[in-house]
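Look at the structure first.

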Amino acid sequence: MSTDPFSHPWLSGLFSAPEIKQYWSAEAQIKYILRFEIAWTKALSNNGIITSEAADVAFEKLKTFKANHSFLKDGVTNDGVVIPTLVRELREGIQEPDAIHTGTTSQDVIDTALSLTLNKINAQIIKELEGLCGELMQLSEKFGEKDLVGRTRMQNALTIKASHRFDNWMMPIAELIDEKSDFRFPMQIGGAVGDNQALGEDADKVLENVAASLNLDLPKRSWHTNRNMIVSYANWLARVSGALGKVGQDIALMAQMNEIGIKGAGTSSAMPHKQNPISAELLVTLARYNAGQSGTITQSLVHEQERSGSAWMLEWMILPQMTMVTGCSIQTANHLISNIVSIGNS
């Protein structure tokens with residue numbers, strides 16, 4: 001039985017994030033890796049580093065390749081990364097094997113595949129956050145003029161309009177959307193030690209060709225060891241789930257005071273009269289999880305010398321989960337807000 005909460009037979013009812021998880025599947029990741037290798041071979045051919053005949057043979061292999069995931073798993077166990085085994089498979093039976101992967105390195109491929117993945121995920125998250133803002137605006141239009149007891153430090157303060165609380169939910173979400181709505185991760189190209197020395201004087205032309213083929217921005221230099229962009233994005237994910245955790249915490253407290261009605265709230269096995277604010281509680285849990293993971297992924301900034309293995313692997317363990325937790329947070333918040341049927345005690 002799976003112990004992964006995103007795939008667990010019943011826990012996935014709480015934690016699943018199918019819209020995000022699809023981008024992390026083995027099939028999706030192989031597709032992104034092969035896109036890089038196709039673009040790389042094309043650039044080598046365009047710049048006369050390999051012959052067009054060699055490129056055509058390589059393209060045929062790259063476009064028809066079917067991955068043996070069991071074999072790749074064995075390779076990762078030995079090499080710590082999938083690319084060496086994959087490249088050996090791709091080059092097998094080709095008369096000019098240098099037509100595939102020559103001049104690049106495993107981290108270039110994996111990081112560029114990561115950029116392709118995260119650009120898709122970021123667009124999905126922004127779209128869903130914009131939808132959530134729409135739900136909150138509808139909620140404010142429907143119940144915004146209702147009176148609520150304003151509370152500071154958990155104590156009754158002054159009466160407020162419900163719209164004031166809703167605005168405090170929406171504002172950080174809108175700011176987070178603005179922060180990343182146009183953001184795109186760039187291509188990664190550095191070669192063995194990050195300076196592209198294997199390409200010599202052809203480096204700039206090859207890199208420009210690959211970036212254009214993949215529709216990715218070309219960074220000023222490789223980011224093999226500069227992981228600020230990755231950690232910054234992970235922190236943004238934690239802030240998204242944190243903003244939604246605040247919404248969940250407020251709604252759970254409102255439910256405690258009978259200030260909110262939620263259609264389809266959870267039931268109790270021992271107390272049938274109870275209506276538990278499950279979705280609101282889940283938002284708090286997800287926010288706390290991502291806050292903890294944000295601290296751990298910050299340790300991946302410590303990349304030793306020109307390339308790291310251990311710090312890099314840490315990203316693989318944490319970043320996919322953070323994106324899925326964020327996706328789960330947004331879909332949970334959308335479900336919760338759309339099922340609010342009353343506000344206030346009257």
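α10 gives the most to the lining of the second largest pocket, with five residues. Helices (H or I, at least four residues) and strands (E, at least two) are DSSP runs, numbered from the N terminus. A pocket is an open set of points on a 1 Å grid over the protein atoms alone, where a 1.4 Å probe fits, with protein on both sides within 12 Å along at least five of seven lines; lining residues have an atom within 4 Å of a point.

The model is predicted: local features need pLDDT of at least 70, side-chain atom pairs count only at pLDDT 80 or more, and totals for chains, interfaces and linings use all residues. Residues are numbered from 1 along each chain as its sequence is written, and side-chain values use heavy atoms, without hydrogens and water.

**Second largest pocket**
- Its volume is about 400 Å³, taken as the space filled by probe spheres set on the points, which are joined across faces, edges and corners.
- G150, R151, R165, D250 and L253 are the closest to its centre, out of 18 lining residues.
- β1 (147–152), β2 (155–161), α8 (162–180) and α10 (228–256) each give two or more residues to this lining.

**Largest pocket**
- The largest pocket has a volume of about 680 Å³.
- W24, Q29, V82, I110 and W316 lie nearest its centre, among 18 lining residues.
- At least two lining residues come from each of α3 (26–46), α5 (69–79), α7 (106–143) and α12 (310–338).

**Strand pairing**
- β1 and β2 run antiparallel, joined by five bridges; two strands pair if DSSP finds at least two bridges between them.
- T152 has Q155 in β2 as its bridge partner.
- Two residues separate the strands of this hairpin, where R153 takes a positive phi near 55°.
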